[in-house]
Amino acid sequence: METGENNKISSYISKYFSVEKTELYHLSVEISPNKLTYCLLDTNKFEYVFLKSANTNDISDIIQLIGEDELLKSNFFSSTLSYSNFPSSIIPNKFYKKENEKNILEFENEIFDVMKRDNIHQIDSKITYSIPSELENFISDVFPSIVEKNSTNIIIDQLINQGKTTNEKSVFAFIENKKVEIIVLKNDKLCFRNSFDFESEADLLYYVLFCFEQLKLYPEKTPLVLFGDVNKEDRNFNILYDYVRNVSFGNKAEKLTYPTEFSEIKNQEYFALFSQVLCV
């Protein structure tokens, strides 16, 4: 692993990676307001060969990082991009009207000036979301043919496809950069989804228990599966484990292979990013 200045940039590179083989690679990019991550999948072996992650201050930093990254200027076999932790809302298709989506999103979020939408086929719904116009214009110029999705769409699709839902409700929490997205599924149906900003582990616990209470779930029995930037050594996990007894960590996307150089990456990390190629 190579770590950049102030521990903001991390890279994981397989011994099989080659800049001369990029036309055989699928490029997956994930952008959030304060983070840029991308990885490369060898489409012949279905094995990941490269991952780079950078924490940033804002969107302008992300634009600069992409613009300066020579590898991202290569020709790839295919490419996808997901937007994570931008303002979003899920609307069942039977209630969806394009002319109302902005008002619905503004009701619970401070939104940006570009509206986007995905179909979530698994639950017969749409997710509407907004991104800054400067990011939209830049992506259109740099990656004109890239396939775009919202990361929540990918997460729900893969949790259902991988059989993570049961006859009882299961709670999935995705933690990243002081933000938690909580998704509750039962029998391949979405019961709940919301995201919250938090400053401390006590805040995180409050939002998780709030969701349990609203859905009349039992912290002693209902499973809570954690993804993202969380591990057994940190305070977020410890406080959740104190109050929600059935806590476990999620796993990487299935059906794909990860090299030994990725062994430092925890199973619960980069779930949506690694799953992108399975959702195109």
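A: The open sheet has 3 strands in the order β7-β9-β8, and their pairing is antiparallel. Two strands count as paired if DSSP finds at least two bridges between them. Strands here are DSSP runs of E with at least two residues, helices are runs of H or I with at least four residues, and both are numbered from the N terminus. The model is predicted, and local features are reported only at pLDDT of at least 70, side-chain atom pairs only at pLDDT 80 or more, while totals for chains, interfaces and linings use all residues. Residues are numbered from 1 along each chain as its sequence is written, and side-chain values use heavy atoms, with hydrogens and water left out.

The edges of the sheet are β7 (88–92) and β8 (114–120), each of which pairs on one side only. From one strand to the next, the twist averages 25°. Strand β7 is joined by 5 bridges to β9 (residues 125–131), and these two strands run antiparallel. Within this pairing, isoleucine 90 stands opposite isoleucine 127 of β9.

Helices pack on the sheet as well. Helix α2 (residues 101–108) touches β7, β8 and β9, and its direction makes about 130° with that of β7. Helix α4 (residues 151–161) lies across β7, β8 and β9 and runs at about 10° to β8. Contact in this description means heavy atoms within 4.5 Å. Axes are lines fitted to C-alpha atoms, for helices over the stretch in contact, and angles run from 0 to 180 degrees between N-to-C directions.

A search of the whole structure finds 20 aromatic pairs. Rings of Phe, Tyr and Trp (its six-membered ring) pair if their centres lie within 6.5 Å; planes under 30 degrees apart count as stacked, over 60 as edge-to-face and the rest as tilted. Tyrosine 83 and tyrosine 129 form a tilted pair, with 6.1 Å from centre to centre and 40° between the planes. Because tyrosine 83 belongs to strand β6 (residues 78–83) and tyrosine 129 to β9, the pair ties together parts that are 46 residues apart in sequence. Both tyrosine 83 and tyrosine 129 are buried, where buried means under 20% relative accessible area, exposed over 50%, and partly exposed in between (1.4 Å probe, protein chains only).

The loop between β6 and β7 contains asparagine 85. The phi angle of asparagine 85 is near 65°, a positive value in a residue other than glycine. With a relative accessibility of 22%, asparagine 85 counts as partly exposed.

The axes of α1 (residues 59–68) and α3 (residues 133–142) come within 10 Å and cross at roughly 10°. Helices α1 and α3 are therefore roughly parallel to each other; angles under 35 degrees count as roughly parallel, over 145 as roughly antiparallel, 65 to 115 as roughly perpendicular and the rest as oblique. In this contact, α1 contributes Ile59, Ile63, Ile66 and Gly67, and α3 contributes Glu134, Leu135, Phe138, Ile139 and Val142.
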